[in-house]
Amino acid sequence: MFYGSYEYNIDEKGRVVIPSKMREEVGSKLFLIKGFEGCVSLYKEADFNNYIQKLQLLPYEKSKVRKYSRLLLASVVELSIDRQGRMLIPTKTLRDYKIGSKVMILGQIDHIEIWDLESWNQYEEESSKDFELDAESLLVSDEQ
């Protein structure tokens, strides 16, 4: 399970260190895909396969399924982690997702998100305003 937040730098070659607590669970390979709200998501192989299996169950005849599937699968990049715990993010990916040299790495239970640090700070500031209300609407049932 992934959790926590970690601020890191991406070096001039496009490499970023995976936090050691996360690296223990990941292994040597990750699958990068288009995330939500402008981030990229990283899945270990088993969780990536689970995600793809869910996608395969959707009816491809529906235009929303085709659109989502095309965009998601076109974004997939298989990444290796080197002995120093770094992975190389392709330049095109960094450019497409507007990820600069400073990033926030977030654990999200079954996957990891990488955000451009400035984008994360803006998202966190905007989203924090509704934190308590969101918790109430999501976590408290009407029967309690």
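**A first look at a predicted model**

Good morning. I begin at Met 1, which is found in the segment before strand S1 (5-9); helices (DSSP runs of H or I, at least four residues) and strands (DSSP runs of E, at least two) are numbered from the N terminus. The model is a predicted one, in which local features need pLDDT of at least 70 and side-chain atom pairs count only at pLDDT 80 or more, while totals for chains, interfaces and linings use all residues. Residues are numbered from 1 along each chain as its sequence is written, and side-chain values use heavy atoms, with hydrogens and water left out.

Let me stay with Met 1 for a moment. Met 1 has a relative accessible area of 63% and is therefore exposed; buried means under 20%, exposed over 50%, and partly exposed in between, with a 1.4 Å probe and protein chains only. Together with Tyr 3 and Ile 109, Met 1 forms a nonpolar patch on the surface, and the accessible area of the three comes to about 410 Å². Patch members have over 30% relative accessible area and no salt bridge, with like charges joined within 9 Å and nonpolar side chains (Val, Leu, Ile, Met, Phe, Trp, Tyr) within 5 Å. Areas come from the Shrake-Rupley method with a 1.4 Å probe, and for residues only the protein chains shown count as cover.

I turn to the overall picture. Six helices and eight strands make up the secondary structure, and along the sequence they follow the pattern β-β-α-β-β-α-α-β-β-α-β-β-α-α. The C-alpha trace spans about 50 × 40 × 30 Å along its principal axes. Of the 144 residues, 35% are buried. The protein exposes about 9,800 Å², of which carbon and sulfur atoms supply 51%. Among contacts (heavy atoms within 4.5 Å) between residues at least 6 apart in sequence, 60% join residues at least 24 apart.

Next, helix H2. Which residues of H2 are buried? They are Asp 47, Phe 48, Tyr 51, Ile 52 and Leu 55. Seen down the helix axis, these buried residues fall within an arc of 140°, so they line one face of H2; the arc is taken from the directions from the axis to the C-beta atoms. That buried side packs against strand S3 (29-34), strand S4 (40-43) and helix H3 (63-74). On the face turned away from it sit the exposed residues Lys 54 and Gln 56.

Now the charged pairs. Side chains of opposite charge can pair when their charged atoms come close. The structure holds six salt bridges, each a side-chain nitrogen of Lys or Arg within 4 Å of a carboxyl oxygen of Asp or Glu. In one of them, the side chains of Lys 44 and Glu 25 meet at 2.9 Å, N to O. Lys 44 lies in the loop between S4 and H2 and Glu 25 in helix H1 (residues 20-26), so this pair ties together parts that are 19 residues apart in sequence. Lys 44, at 19% relative accessibility, counts as buried, whereas Glu 25, at 28%, counts as partly exposed.

A salt bridge also joins Glu 45 and Lys 29, with the closest N and O atoms 3.5 Å apart. This pair links distant parts of the chain, as Glu 45 is in helix H2 and Lys 29 in strand S3, 16 residues apart. Both partners are partly exposed: Glu 45 at 36% relative accessibility and Lys 29 at 26%.

A further salt bridge brings together the side chains of Arg 86 and Asp 82 at 2.9 Å, N to O. Arg 86 is partly exposed at 21%, and Asp 82 is partly exposed at 29%. Elsewhere, salt bridges that share partners join Lys 29, Glu 45 and Glu 78 into one network.

Strand S3 also contains Leu 30. Is Leu 30 buried or exposed? Its relative accessible area is 0%, so Leu 30 is buried. The C-alpha atoms of Leu 30 and His 111 are 9.7 Å apart, although 81 residues separate them along the chain.

I close with two backbone details. Glu 37, in the loop between S3 and S4, has a phi near 60°, a positive value in a residue other than glycine. Lys 98, in the loop between helix H4 (91-96) and strand S7 (102-107), has a positive phi near 55°. Glu 37 is exposed at 57% relative accessible area, and Lys 98 is exposed at 66%. Thank you.
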